[in-house]
Amino acid sequence: MKKRQVVLKSGRSSSTTSASVIRNVRYRECQKNHAANIGGYAVDGCREFMASGGEGTTGALTCAACGCHRNFHRREVETEVVCEYTPPNSSYAQ
Ligand SMILES: [Zn+2]
């Protein structure tokens, strides 16, 4: 069960090439130290953030697996730029 947030940005300029920036934001291992109050170090072992609620709700920031806030999870951003070049209609009429 992976939740992937994909943000698509389409160039709306008058350029003939369109570049789309695909950004994948993932929240990986939970890094909250549950033993901080006793001077130790123990994480809950949650491997990946899963929102317990839909986008726009407070549950979207709470992990369904471990119950921690999303900020405790290691953030990983992958940015990918996809350029699409559409050549003008080639006409071989001579
Ligand atoms: Zn956690």
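**Note on the strands and core of this chain**

1. Ser18 stands opposite Glu84 in strand S3, where strands are DSSP runs of E of at least two residues, numbered from the N terminus. The model is predicted, and local features need pLDDT of at least 70, side-chain atom pairs count only at pLDDT 80 or more, and totals for chains, interfaces and linings use all residues. Residues are numbered from 1 along each chain as its sequence is written.

2. S2 and S3 run antiparallel and are joined by twelve bridges, two strands being paired if DSSP finds at least two bridges between them. The chain has three strands and zero helices, in the order β-β-β from the N terminus.

3. Thr16 belongs to the loop between strand S1 (5-10) and strand S2 (17-30). Thr16 counts as exposed because it has 9 C-beta neighbours inside 10 Å; a residue is exposed with 12 or fewer other C-beta atoms within 10 Å of its own, buried with 20 or more, and partly exposed in between, with C-beta atoms placed from the backbone. Although Thr16 and Tyr85 are 69 residues apart in sequence, their C-alpha atoms are 7.3 Å apart.

4. Of the chain's 94 residues, 6% count as buried, and strand S3 (residues 73-85) has one buried residue among its 13.

5. The largest nonpolar core consists of five residues, Tyr27, Cys30, Cys46, Phe49 and Cys63; such a core is a set of buried Ala, Val, Leu, Ile, Met, Phe, Trp, Tyr and Cys residues joined through C-beta atoms within 7 Å. Leaving aside residues up to four places away in sequence, Tyr27 touches Glu48, Phe49, Arg70, His73, Arg74 and Arg75, contact requiring C-beta atoms, placed from the backbone, within 7 Å.

Definitions and conventions: Helices (H or I, at least four residues) and strands (E, at least two) are DSSP runs, numbered from the N terminus. Two residues are in contact if their C-beta atoms, placed from the backbone, lie within 7 Å.
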